[in-house]
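Here's a quick look at the charged pairs in this structure. Have the sequence and the 3D view open while you read.

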Amino acid sequence: MAATAPAVAVAVAAMGLAASPAAASPAAAVPTATAAPQLGGACTAADLGTRHPYIKNTEVSPTITHFKGWYVTEGTTGNHTVVTSTETVITVSVDLSGGLDASFAVATLEAASAKLGLNVKIEASSTSSESNTVAWSFDQPGYYGVYKGTKKVTGTYGSLNCKRSQQSDGSWVLKWGEGPGVGSFTTYTTLEEGAVRCQDTVPAGSIMAKAQSLLDCGSPAAKSERPAGAVAPTVQQQHAREQDRLAQPAAPAGSASAGQPTASISGTPAGQPGASARGARAALDCQTQVYKIAVPGKPLSWGAPVLASDGVRLRPSTIFSAHLDHWRLCNVTESNGVIEATLWNWGNGGCATIAAPNAATERAVLMTVACAEDDLQRFFIYRDVPGSSKIGVQNKYTGSMMGHDRYADGEFVRQYSSGRQDGTGTYSLDAV
């Protein structure tokens, strides 16, 4: 999801993580309902933990999903039920995911629908891969193409994140800027069915015109006298079916469905042993400054677990915290004002991560594991203006923002594909 930032270690102090005399942006506890964010538009500190899609480009193409050539001769006009063959299967997807459980994926399709002014499928669905019947009344003899079709909508998107931006006069403001990485999506409009003849005049670029092109109207077979009923597939149809078959992604080995597998936090992810403080520090270039990642203005902060099977939770800081609430930024880089870092925990020696089996799972719990070169352990940090410690935290691999369901002792820190729109995904990076 993300472009790799320049591999240049930057001192924490040089990046303005420490407080400076500059004025902080106005506090904003809960954002009010407004129009969709726009690139370069103003945002508030409450938006630091949110993420929104914006559509970069789209393409709409008429597509035939089911088709059958059909002869109607003198004396056979009237009602016919035609069993069509599958031509193309269109599956709704965002970045090839098998489902649309994530709010960001749904928002992406909604944004595409609004941009194009089309009603597109926004739930996980596919056009049928089975033979399909079309009931039609033929009032004239002729060579017909009986079809079902739709408009296939594809495109690419980017993400908007709230981040600091320096003005020409040296002051700082928060603006919606383009986040790292782009993705692609596929969806389709409402299905249409009908019948078309070679001699019919149809609108260019329409679904009906696409069906007419499959009739192979110039061939001798189309002009010959034939008995009423089905016609063998044309060369174009056979080629289209083969291309569609090759374009369908294969299901992962051992998977029961197209969706991503899920796993609970009750077990240690495979291939991720318990963290070792000595081994973890040896592989990381960590800054000396220690931080708490806290809920702004409140005592609870991110607390790493003692047990590898547990997750990061909101905890109060006490003399019994055993440094589990203390974090260092390691292997730090910065690009366009956004920090990228590994979050190393002083108390258990592990690095914050989203477990690989849960990478595509909405509300997956943030965990700590042995530190490794892994984008699941890398995080983007979006900062408020200098003088404020408020931040938003985004996982590099999944693109999801960190947040929590409710403010309570023991509440898990989780990933949300669009972030927490009520502002609870905004934290403060407090130097200890």
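This is a predicted model: local features need pLDDT of at least 70, side-chain atom pairs count only at pLDDT 80 or more; totals for chains, interfaces and linings use all residues.

Residues are numbered from 1 along each chain as its sequence is written, and side-chain values use heavy atoms, leaving out hydrogens and water.

**Where the first pair sits**
- D405 is in the loop between β18 (401–403) and β19 (414–416), and R363 is in the loop between β14 (351–354) and β15 (366–369), so the pair ties together parts 42 residues apart in sequence.
- Strands here are DSSP runs (E, at least two residues), numbered from the N terminus.
- D405 is partly exposed at 27% relative accessibility (buried is under 20% relative accessible area, exposed over 50%, partly exposed in between, with a 1.4 Å probe and protein chains only).
- R363 is partly exposed too, at 35%.

**The network around it**
- D405 also meets the side chain of R414 in a salt bridge, at 3.7 Å, N to O.
- R414 is buried, with a relative accessible area of 15%.
- Salt bridges link R363, D405, R414, R420 and D422 in a network.

**Elsewhere**
- R197 and D200 pair up through their side chains in a salt bridge of 3.3 Å, N to O.
- R197 is buried at 11% relative accessible area, whereas D200 is partly exposed at 25%.
- Searching the whole structure turns up 15 salt bridges.

How values were computed: A salt bridge is a side-chain nitrogen of Lys or Arg within 4 Å of a carboxyl oxygen of Asp or Glu. Helices (H or I, at least four residues) and strands (E, at least two) are DSSP runs, numbered from the N terminus.
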